[in-house]
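Subject: Structure handover

Dear colleague,

Here is the structure for your files. Notes on what was found in it follow below.

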Amino acid sequence: MAVPCVTVPMNFGKELLDSPTHNNIVLKTSEEGVVKANSVILSFNSPVISHITGPLHMTSVDMMEFSEAAVKVFVDSAYSGTAEGLCQPLFRDINKMAYVFKVEWLEDKCVEYFKEIVIKGYGDLSYLIEEAGYVMEKLKKRNLLELLIVKIRWLGWKNDFVRDYLFNKGEDMLSYQQLDFVLELFGDNLVLEILSHQLAQQFKAEGPKLPVHAKYLLENINLNTCRVTAAVFYKGMFSVLEQLPDEHIRWVYKLYRKSVDPSYSDARQVSTCSLTSASCARNDVIPNLYHNFDFDISLDELLESVGKSENIINVVMAIEAIVTWIRCSIHRKGNYTIYSSTMVQDIVDRTVAIKSWDRLPYSFTNLCYNWDSIQPFSKVCVDDEDHCQYLNIECVDECFRPKQLLRNDSQLIFHFKHPAVKSCDLPGECGFILKTIPSLIEGALRRLMLCTAEEDYQGKEVHFHPEVQAEKMHVYFRHRNYWKMWFLPLTWLSTLYPDDSIDRLCHEDSKFHILYDVRGLIP
């Protein structure tokens, strides 16, 4: 007789736990606690426990790092197929048990619980930061961090919280891992703003003494980017640092050199990050995909928003915002007058003038964004023979259905020799692979991640060099429609093309492209 297939989560009935003849496995918890359960039901939920009780024939499982209360909820969940007992005091233990014992559906329930916690004040945000930081440090998973980034995006009191978190806890209370987490969660610009204000006040009140945590943050903020995106706070910070005693001048000089020349490094200086925290690992998720934007604002409000936005960091993103706004203006309001090529170019020129962005490769000059052949990039590119601070990299393979690709498990292969790689004798082409990974929002397009593991490149025509960094990439899509080459702004793709019309427009030679930032790498 065939054994019936069991799909979890499933309600096996928690009342069975009260039966002395039913329970045949002992779960040993912290403080000498004991929880009994049935090995078959636990095995249906967990392949790890299935291996322990099956091939290994063990009748007990060591769970002594978890509290008895948490283990009881874990067992109840396996029996009931729900996570009814999940609560903040037990969340960390239950989430870790779900991960360790590979109960995937319970992991998903923990993520849902984390997502639904409402941030009403400092206590809620502190709790979420601690839990997301723990998962990132101990489980090496970024999912809660990325959820938290979305949750705090529109908080009006982020500045106050970061100021309190950094300066009112006491510098001996924050680990380097927590400081790394603050940088990743709130961004370099905001942290630099807080540091410049607080250190100025602290120096005035107590004299020029640099706290250890402030020094660490300054060494790990990307000051080269902040020099452009947060120029006021960048200048203010170095004005503050000028007040430090003479013994700190060499350190300030190194910091300044690194901020204006990313290739500068001191061979005698050992990276603090490499010695202190596993969370300093590189972020390989491609930035600037599927941002939110209010496209019902006026043109003047749009220009002001683009000029002030910390998320829009290059001229491509700015033009993508303009193009998306125009398309939405046409489709939602029927405003076709904005299609004038003169008007579009005027909008672009006014926007680019707000910030001193570097110019784009010459290859952008022939890109259109609609059937009127408007070429919004034409005045923001270098001349054909001039040096550019960006490289344009095209995917090896053509793609005729970009949205379909971004909905499924897919890979994109690029040939690219990084300027820092002077010689290479490895087989195949220098390059990298981007793969799609699940979105944080159900039903949304998938994100892209840079593949860095050796196994990702086995049997492939390219090999990877660690000098290639995801944070330097801006992904967009060029698609040919008959005789014209259009560009598809992936930054706001879901807003611009809510349906699949783009997948009906792509003809031969349509490909994913990457604008790669090489500022400071090429003389």
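Contact here means heavy atoms within 4.5 Å. Helices (H or I, at least four residues) and strands (E, at least two) are DSSP runs, numbered from the N terminus. This is a predicted model, in which local features need pLDDT of at least 70 and side-chain atom pairs count only at pLDDT 80 or more, while totals for chains, interfaces and linings use all residues. Residues are numbered from 1 along each chain as its sequence is written, and side-chain values use heavy atoms, with hydrogens and water left out.

Helix packing

In helix 9, Val 182, Leu 183 and Phe 186 meet Asp 188, Leu 190 and Val 191 of helix 10. Sorted by class, this contact of helix 9 with helix 10 has 5 nonpolar, no polar and 1 charged residues (Ala, Val, Leu, Ile, Met, Phe, Trp, Tyr, Cys and Pro count as nonpolar, Asp, Glu, Lys and Arg as charged, and the others, Gly among them, as polar). The axes of helix 9 (residues 176-186) and helix 10 (residues 188-206) come within 6 Å and cross at roughly 115°; axes are lines fitted to C-alpha atoms, for helices over the stretch in contact, and angles run from 0 to 180 degrees between N-to-C directions.

Aromatic rings

The whole structure holds 17 aromatic pairs. Rings of Phe, Tyr and Trp (its six-membered ring) pair if their centres lie within 6.5 Å; planes under 30 degrees apart count as stacked, over 60 as edge-to-face and the rest as tilted. Tyr 122 and Phe 161 are edge-to-face, because their ring centres are 5.5 Å apart and their planes stand at 90°. Since Tyr 122 lies in helix 6 (residues 122-138) and Phe 161 in helix 8 (residues 158-167), the pair ties together parts that are 39 residues apart in sequence.

Buried means under 20% relative accessible area, exposed over 50%, partly exposed in between (1.4 Å probe, protein chains only). Tyr 122 is partly exposed at 33%, whereas Phe 161 is buried at 2%. A second pair, Phe 414 with Phe 432, is stacked, at 5.1 Å centre to centre and 15° between the planes. Phe 414 belongs to strand 5 (residues 411-415) and Phe 432 to strand 6 (residues 429-437), so this pair ties together parts 18 residues apart in sequence. Both Phe 414 and Phe 432 are buried.

Ring pairs also link Tyr 122, Trp 157, Phe 161, Tyr 165 and Phe 186 into a cluster.

Cysteines

The structure has 0 disulfides (pairs of cysteine sulfur atoms within 2.5 Å). Cys 399 is buried at 8% relative accessibility, and Cys 451 is buried at 1%.

Regards
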